Amino acid sequence: MNRVKQAWIWLRRIGHCQGFGIQSPTDYRLVRYVINEHWPYYAYQTMGIDDNWHKRKLGKLYFRLANYIQPSTIIDLVGAEEYLKAACPKAEIISREDKMDEESVDVSLALVPIQTEYQQLFQWCDDKSVVVFENIYEQPALWHCIEYDSRVRVTFDLYYCGIVLFDKKRSPKNYIVNF
């Protein structure tokens with residue numbers, strides 16, 4: 001992605017910086033201190049040294065999410081294993097779709113491309129599950145179907161990816177975040 005397009009995306013979303021307009025304290029904390037955290041973490045120096053800016057930006061986000069959630073099982077279909085292992089060395093990482101053919105998989109954190117069959121994935125999710133879809137604007141209609149799925153409670157549209165939460169105690173809400 002060129003710098004002009006990146007700047008255009010950032011300017012279009014400028015009203016959604018740092019959690020502005022988010023009324024839920026839980027969602028605000030996630031946006032402010034995990035998604036848009038700019039302080040250096042302990043492992044940033046050694047991760048993704050050869051990655052391009054886009055993969056490194058998303059990799060750091062995945063690192064912060066995994067560090068925040070501390071999942072026991074991670075489904076990684078986007079190739080972010082280096083970042084995930086640095087955040088949660090004890091977590092089991094499933095990195096191939098053929099391992100997901102089991103009847104049930106405990107999904108704590110899932111990183112998947114937008115083309116993934118989300119219906120089966122959502123069946124394995126519980127209230128504490130977090131699913132991240134990459135490249136949501138390659139198929140915006142599919143992303144909107146995911147946003148309005150009855151099992152989904154909270155979504156965060158970061159343009160480069162979308163984060164989905166399933167806590168049934170919460171009312172449905174869709175946020176746009178300038179990431």
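This section describes the sheet, the salt bridges and selected residues of a predicted model.

Residues are numbered from 1 along each chain as its sequence is written, and side-chain values use heavy atoms, with hydrogens and water left out. Because the model is predicted, local features need pLDDT of at least 70 and side-chain atom pairs count only at pLDDT 80 or more, whereas totals for chains, interfaces and linings use all residues.

Seven strands form an open sheet with mixed pairing, in the order β2-β1-β3-β4-β6-β5-β7; helices (H or I, at least four residues) and strands (E, at least two) are DSSP runs numbered from the N terminus, and two strands pair if DSSP finds at least two bridges between them. The edge positions are taken by β2 (92-94) and β7, each of which has a single partner strand, so that one side of each is left without a neighbour in the sheet. On average, and with direction ignored, neighbouring strands of this sheet are turned by 15° against each other, where axes are lines fitted to C-alpha atoms (for helices over the stretch in contact) and angles run from 0 to 180 degrees between N-to-C directions. In general, strands of a sheet pair through backbone hydrogen bonds, either parallel or antiparallel.

Two of the pairings can be described further. Strand β1 (residues 73-76) pairs with β2 in the parallel sense over three bridges, and Thr-73 stands opposite Glu-92 in β2. The pairing of β3 and β4 is likewise in the parallel sense, over six bridges, with Val-130 in β4 as the bridge partner of Leu-109. Strand β4 is mostly covered, seven of its 10 residues being buried; here buried means under 20% relative accessible area, exposed over 50%, and partly exposed in between (1.4 Å probe, protein chains only). Helix α3 (residues 53-69) lies across β3 (107-113), β4 and β6, and runs at about 175° to β4, contact being defined as heavy atoms within 4.5 Å.

The structure holds four salt bridges, each defined by a side-chain nitrogen of Lys or Arg within 4 Å of a carboxyl oxygen of Asp or Glu. One of them joins the side chains of Glu-81 and Lys-85 at 3.9 Å, N to O, and both residues lie in helix α4 (residues 81-87), four residues apart, about one turn of the helix. Glu-81 counts as partly exposed because its relative accessibility is 30%, and Lys-85 falls in the partly exposed class at 43%. Another salt bridge is formed by Asp-127 and Lys-168, whose closest N and O atoms are 3.6 Å apart. This pair links distant parts of the chain, 41 residues apart, with Asp-127 in strand β4 (residues 125-134) and Lys-168 in the loop between β6 (161-165) and β7 (173-176). Asp-127 is partly exposed at 33% relative accessibility, while Lys-168, with a relative accessible area of 52%, is exposed. In the salt bridge between Asp-149 and Arg-151, the closest N and O atoms are 3.0 Å apart; Asp-149 is buried, with a relative accessible area of 10%, whereas Arg-151 counts as partly exposed at 25%.

Glu-147 is found in helix α6 (residues 140-147) and is buried, with a relative accessible area of 9%. Its side chain makes a polar contact with that of His-144 at 2.7 Å; such a contact is a pair of N or O atoms within 3.5 Å, of which, within protein, one must be able to donate a hydrogen and the other to accept it, and residues adjacent in sequence count only if both atoms are side-chain atoms. When residues up to four places away in sequence are not counted, Glu-147 touches Val-152, Thr-155 and Asn-174.

A search of the whole structure finds zero disulfides (pairs of cysteine sulfur atoms within 2.5 Å). Cys-88 is buried at 3% relative accessibility, and Cys-125 counts as buried at 12%.

Backbone torsions complete the description. Most residues other than glycine have a negative phi. Gln-70, in the loop between α3 and β1, has a positive phi near 55° and is partly exposed at 47% relative accessibility. For Asn-135, located in the loop between β4 and α6, phi is positive and near 55°, and the relative accessible area of 26% places Asn-135 in the partly exposed class.
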